[in-house]
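Good morning, and thank you for coming.

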Amino acid sequence: MAHRWETPGSVWLEDEHTAQFELASSEGLGRIERQAQSRGRLPDIAHLLGASLPLSCDCSPIYPEGFAFCPTCGAPLDKLAGRAKTSPDWWGPWSDHLLPRHVPHGLNVTALALGENLEERPAAPAPGRPDLNMPAPPNAHCVFAAGAFGFPTQRLIALAHARNVLQYWDPLGQAWHVMAPEDNASDLTFSVPAASYAWLPASDPRRGEVALVPTDRGLRRLFINPVSETYRTEVVFDGQLASAPGAMRRHVACLVHGEAGTVLWSAHSDMSNETVYACDAPAGQWARPVGYDGKLFWLHAQGQLVWQPGAPPQWIAWPAGWSPRLQFGGPTQSRDGRLWLIGHDGQAYSFLELGKLAGQREALSGARLGFASLLFRRGHAVVDEPWGLEHVEDPHDDDAMVLPLLRGFNNNRSQPSGLVLRFHQYTGMAEDALAGRIIPRTTFEWIGKRNVILDDIARLAHPLECVPFVYDNCLWLHHPDWNQVRGWRLDALP
């Protein structure tokens, strides 16, 4: 027989013979598996629920929320309720809702104050090293999200959407756990490259609620149960998705493979007023949408699809002979606020204005890598118009190539700053460096008011697979080929 204890959020059972507590149910978590409550997992479960842990007694390995003393021996407990400190969420920089409207959404841009932290480190040319490491997720080709998910403390998940694997990081046990679906319908497979993936986080999540996620079967709302190491989904929209979803003001939209071709599905953010628009657009791989100036832009190898809520979408094919270089980073802005995309016409590179049937073109003297005004030609920053001349500070950087990974947005800075990879002594084509050529020496750097070298990387291949993310007030860098995720501590972020 067991005594039943009820807290505002959970139900606990106390064994009358051993006096040990066991979680029976908790709000929003569904079925609780007994075998999941092993002693190795209990510290993490206690922090997730705001429960209590023993300090000196051995009466029970865990106690219900709010317990300050052991009811058996009276020993004081480590009362976790109300003590958690929340770190800022991370959903991939393309889901940063703190960015102002004049900055394109959907690109690798974050509003987190990374520069104020990283620039406290020794400036270049002093070499830096990671402060700490984390084991790489078992399924390393993944996207990361760090958030509270309705719990009192932040946690990290890694979704390998191409393999239908959701992974959960237990920071106290220092281990990754593969979460199991609660039913066969909870399939998270989405057959697009990681660079095209995007999920839409819940603005006011229920306990365990993660985000609106795209799958091959349609849009789903994802919930996790870290206690039982399971997850479930709720159907939002059924259909074969052609792209990741995007949000514009109070609307959500994504591209769908219809019987007559590609169509655009949209709804209000509460999923009311569903509308389907016909599109004269091709099938195939679409980049994740970019939101700017009240519109969503989907980019494709053959053209662009532009949609403004309340109006039909517009398909605009690229000019004859011109092909985009989406792997170079994505759209960037000119000083008058227009969006541009780099491409090649078989003879030279040029920027093409987005969103117009006969967009303006600007010729270039060479490839430019970057996005959202964080641009580089070879090893030099482009600080004026995207097609302007590069700013040469050090002629030795002519033998380098810089690939921006993440722009840090800051209204107080006149020039863009961010995280980059610098390929040293590289004089080949940009396409070759990004396609898999092994780079003998690469440095991971912060470019800003002070340039800081964070790490030195030997023999890097497929640099576009480097994924920076922020979790637990640390900046992390992940690459699927590495056994460890490298981390750099940050001061408490606002």
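I start with two terms: helices (H or I, at least four residues) and strands (E, at least two) are DSSP runs, numbered from the N terminus, and two strands pair if DSSP finds at least two bridges between them. What you see is a predicted model, in which local features need pLDDT of at least 70 and side-chain atom pairs count only at pLDDT 80 or more, while totals for chains, interfaces and linings use all residues. Residues are numbered from 1 along each chain as its sequence is written, and side-chain values use heavy atoms, with hydrogens and water left out.

Let me begin with the chain as a whole. Its secondary structure comes to three helices and 38 strands. The C-alpha atoms fill a box of roughly 80 × 60 × 35 Å along the principal axes. The radius of gyration is taken over C-alpha atoms, and the globule rule is 2.2 Å times the number of residues to the power 0.38. For 494 residues, that rule puts a compact globule near 23 Å, and the chain, at 25 Å, agrees with it.

Of the 494 residues, 56% count as buried; buried means under 20% relative accessible area, exposed over 50%, and partly exposed in between, with a 1.4 Å probe and protein chains only. Contact means heavy atoms within 4.5 Å. Among contacts between residues at least 6 apart in sequence, 50% join residues at least 24 apart.

I turn now to the sheets. Strands of a sheet pair through backbone hydrogen bonds, either parallel or antiparallel. S29 is joined to S30 (residues 374–377) by three bridges, and Phe-371 has Leu-374 in S30 as its bridge partner.

Another open sheet of three strands has the order S1-S2-S3, again with antiparallel pairing. Here S1 (2–6) and S3 are the edge strands. Its neighbouring strands are turned by 25° against each other on average, direction ignored. Five bridges join S2 to S3, and Glu-14 is partnered by Phe-21 in S3.

A hairpin is formed by S22 and S23, with six residues between them, and Gly-310 in the turn has a positive phi of about 95°. S22 (residues 303–307) and S23 (residues 314–317) are antiparallel and share four bridges; Val-306 stands opposite Gln-314.

How many residues of strand S32 are buried? Eight of the eight residues of S32 (residues 401–408) are buried, so this strand is largely enclosed by the rest of the structure. With S33 (residues 417–423), S32 pairs in the antiparallel sense over seven bridges, Met-401 standing opposite Phe-423.

Next, the interior. Helix H1 (residues 42–49) has six of its eight residues buried, so this helix is also largely enclosed by the rest of the structure. The buried residues include Leu-42, Asp-44 and Ile-45, and they pack against strands S2 (10–15), S3 (21–26), S4 (52–54), S9 (155–160) and S10 (165–170). Just after H1, Gly-50 takes a positive phi of about 75°.

A nonpolar core is a set of buried Ala, Val, Leu, Ile, Met, Phe, Trp, Tyr and Cys residues joined through side-chain atoms within 4.5 Å. The largest has 59 residues, and Ile-157, Leu-166, Trp-199 and Trp-265 have the most contacts inside it. H1 gives the most to this core, with five residues. A second, separate core of 56 residues includes Met-134, Ala-136, Leu-403 and Ile-439.

I close with the cysteines. A disulfide is a pair of cysteine sulfur atoms within 2.5 Å, and the structure holds zero disulfides. For Cys-57, the nearest cysteine sulfur, that of Cys-73, is 4.0 Å away; Cys-57 is buried, at a relative accessible area of 10%.

Definitions and conventions. Axes fitted to C-alpha atoms, helices over the stretch in contact; angles between N-to-C directions.
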